[in-house]
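Subject: Structure handover, with notes on side-chain contacts

Dear colleague,

Please read them with the coordinates open beside you.

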Amino acid sequence: MILGVGLYSSLHYVYFGDVRRGVQAQAEDIYSRIKPDIYVSRKGLYINLQLDESDLRNNNILLQFNDLESKNVTRNPPLIKTDIQFQVSNAAIQAAQERKGYFEQARYRGVDILIYNHPVLLDGGPIAILQVGHVVANDLQLFRTLKYTLISLGIVTVALAATIGWFLSRKALKPIDNVIAAFDQIQIGEDLSKRIAYDGPQDEIGRLTDTINGMLGRLQVAYTELEEAYRAQRRFVSDASHELRTPLTTIRGNVDLLEKMWGQLEQDTTSGSNSNGNMDLSLEAMRDISDEAARMSRLVNSLLSLARADAGYVLEKHILELQPLVEEVSRKANLFPKKAQWRAGDLSALEGIRIMGNPDYLQQLLFIFIENAFKYTPEGVVWVDALESEDGSQIGLRISDTGIGMDKDEVPHIFERFYRADVSRGRTQGTGLGLSIAKWIIDEHEGSIEVTTRKGEGTSFIIWLPVVSREQD
């Protein structure tokens with residue numbers, strides 16, 4: 001539409017500009033040949049302006065001369081034959097007084113004529129107006145035809161462009177519809193494994209599809225991890241409730257027993273009966289309560305440590321020598337209740353080694369592995385030794401035993417909360433939280449752990465810690 005309007009306007013301006021310049025040039029040429037005829041009458045000196053005879057006989061132009069003084073009008077044959085006389089408008093007279101030419105368009109006998117009014121000046125003022133006309137009926141008809149043609153083409157072009165544009169837009173936006181449909185399926189079915197199928201070019205839509213597919217992949221991973229976390233949390237709460245319920249049941253049962261026995265003791269004291277048997281049972285019940293209370297205390301402390309780990313608790317660490325700490329733990333390990341023998345191995349690799357750590361938590365870490373080793377070694381040997389990495393950047397503390405060992409399929413799960421190998425369930429006491437706490441302590445010290453085990457032969461844990469410095473001899 002803009003092209004059509006611009007084309008029509010430019011052609012109209014250029015074409016009729018040429019017509020106007022041609023008419024004006026003819027008027028200037030005729031004006032140059034006007035002859036003044038001066039004579040004396042009774043009224044005085046009179047000047048009569050006459051057109052050149054060749055101009056008056058010219059049949060190719062429309063020519064009219066208007067004398068403003070005498071009001072005489074002179075026309076050439078084309079105007080005389082058609083009985084057409086141009087009117088002199090007030091605007092043309094005003095322009096003549098300003099010594100300017102004036103174009104106007106008029107319609108005579110159904111014919112459109114472009115007229116140029118040229119002032120004829122004498123002594124600085126207009127005394128006549130020369131009018132030169134040009135028939136523009138055919139020209140106007142041509143431009144009306146052009147206008148209607150352009151309007152028709154514009155309407156057809158707009159309709160065609162709208163149709164093709166709608167088709168192309170639907171084709172271009174089809175991948176967007178696929179994106180919306182995929183998201184609707186995900187929203188309804190909560191299936192994050194669905195992906196958007198796209199086999200087009202890697203344009204904006206292609207890159208958008210790839211980005212959304214990548215986002216869905218990351219969401220799927222995050223959602224899966226979240227589900228795993230929820231399942232682990234539910235399992236954690238269930239196992240914690242189970243572990244706490246057992247000692248509570250024992251405590252309540254023993255408290256009920258004590259109440260009955262103390263009531264019986266009071267009756268026996270009143271009647272003078274022997275109460276030594278009741279006192280023995282009371283002492284046994286008290287020992288059970290004490291043991292279960294200690295067990296609950298350990299469980300609560302373990303849960304507190306894990307809660308701190310989940311809350312992002314950061315250990316306070318400083319540079320310390322590792323050898324005295326390990327030797328102190330080795331000494332205290334002799335006092336643990338155990339059936340296996342305890343042996344301190346070669347700790348010479350620890351000489352002069354300094355690490356960044358928390359001594360209390362490092363002792364707890366070693367005690368966890370040593371207690372586990374005693375727990376799952378009904379007979380045999382448990383020992384600790386030290387070794388150094390090949391590049392010397394890490395120091396390793398190895399706790400080994402000759403106990404019951406584990407299947408290789410159980411190793412990835414031993415650091416999970418409340419996990420206990422099937423072979424140990426019902427045979428050894430424990431909450432299954434120790435190794436989870438140990439793993440957290442190792443992570444806080446930026447260390448790592450290796451596990452080597454064989455069922456029926458024993459297990460070996462190597463705790464690797466980064467070395468900060470070495471004391472020089």
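Is Glu53 buried, partly exposed or exposed? With a relative accessibility of 49%, Glu53 counts as partly exposed, and its side chain meets that of Arg57 in a salt bridge, at 3.6 Å from N to O. Arg57, at 56% relative accessibility, counts as exposed. Please keep in mind throughout that this is a predicted model.

Salt bridges

The count of salt bridges comes to 16, and I describe some of them here. In helix α1, which covers residues 2–31, Asp18 and Arg21 lie three residues apart, about one turn of the helix, and they form a salt bridge in which the closest N and O atoms are 2.3 Å apart. Asp18 is partly exposed, at 44% relative accessibility, whereas Arg21, with a relative accessible area of 52%, is exposed.

Helix α10 (residues 434–444) holds both Lys439 and Asp443, which are four residues apart, again about one turn of the helix; their salt bridge has its closest N and O atoms 3.0 Å apart. Both partners count as partly exposed, Lys439 at 30% relative accessibility and Asp443 at 42%.

Aromatic pairs

The structure holds eleven aromatic pairs. One of them is formed by Tyr15 and Phe16, whose rings are 5.5 Å apart from centre to centre, with 85° between the planes, an edge-to-face arrangement. Tyr15 is partly exposed, at 32% relative accessibility, while Phe16 is buried, with a relative accessible area of 8%. Another pair is that of Tyr361 and Trp440, which counts as edge-to-face because the ring planes stand at 85°, with the centres 5.7 Å apart. Since Tyr361 lies in helix α9 (residues 359–375) and Trp440 in helix α10, this pair ties together parts that are 79 residues apart in sequence. Both Tyr361 and Trp440 are buried.

Charges over rings

Two contacts between a charged side chain and a ring may also be worth a look. Arg20 lies over the face of Phe103, at 5.0 Å from the ring centre, and Lys338 lies over the face of Phe374, at 5.9 Å from the ring centre.

Methods: Residues are numbered from 1 along each chain as its sequence is written. This is a predicted model: local features need pLDDT of at least 70, side-chain atom pairs count only at pLDDT 80 or more; totals for chains, interfaces and linings use all residues. Side-chain values use heavy atoms; hydrogens and water are left out. A salt bridge is a side-chain nitrogen of Lys or Arg within 4 Å of a carboxyl oxygen of Asp or Glu. Helices (H or I, at least four residues) and strands (E, at least two) are DSSP runs, numbered from the N terminus. Buried means under 20% relative accessible area, exposed over 50%, partly exposed in between (1.4 Å probe, protein chains only). Rings of Phe, Tyr and Trp (its six-membered ring) pair if their centres lie within 6.5 Å; planes under 30 degrees apart count as stacked, over 60 as edge-to-face and the rest as tilted. A charge sits over a ring if NZ of Lys or CZ of Arg is within 6 Å of the ring centre and within 35 degrees of the ring normal.
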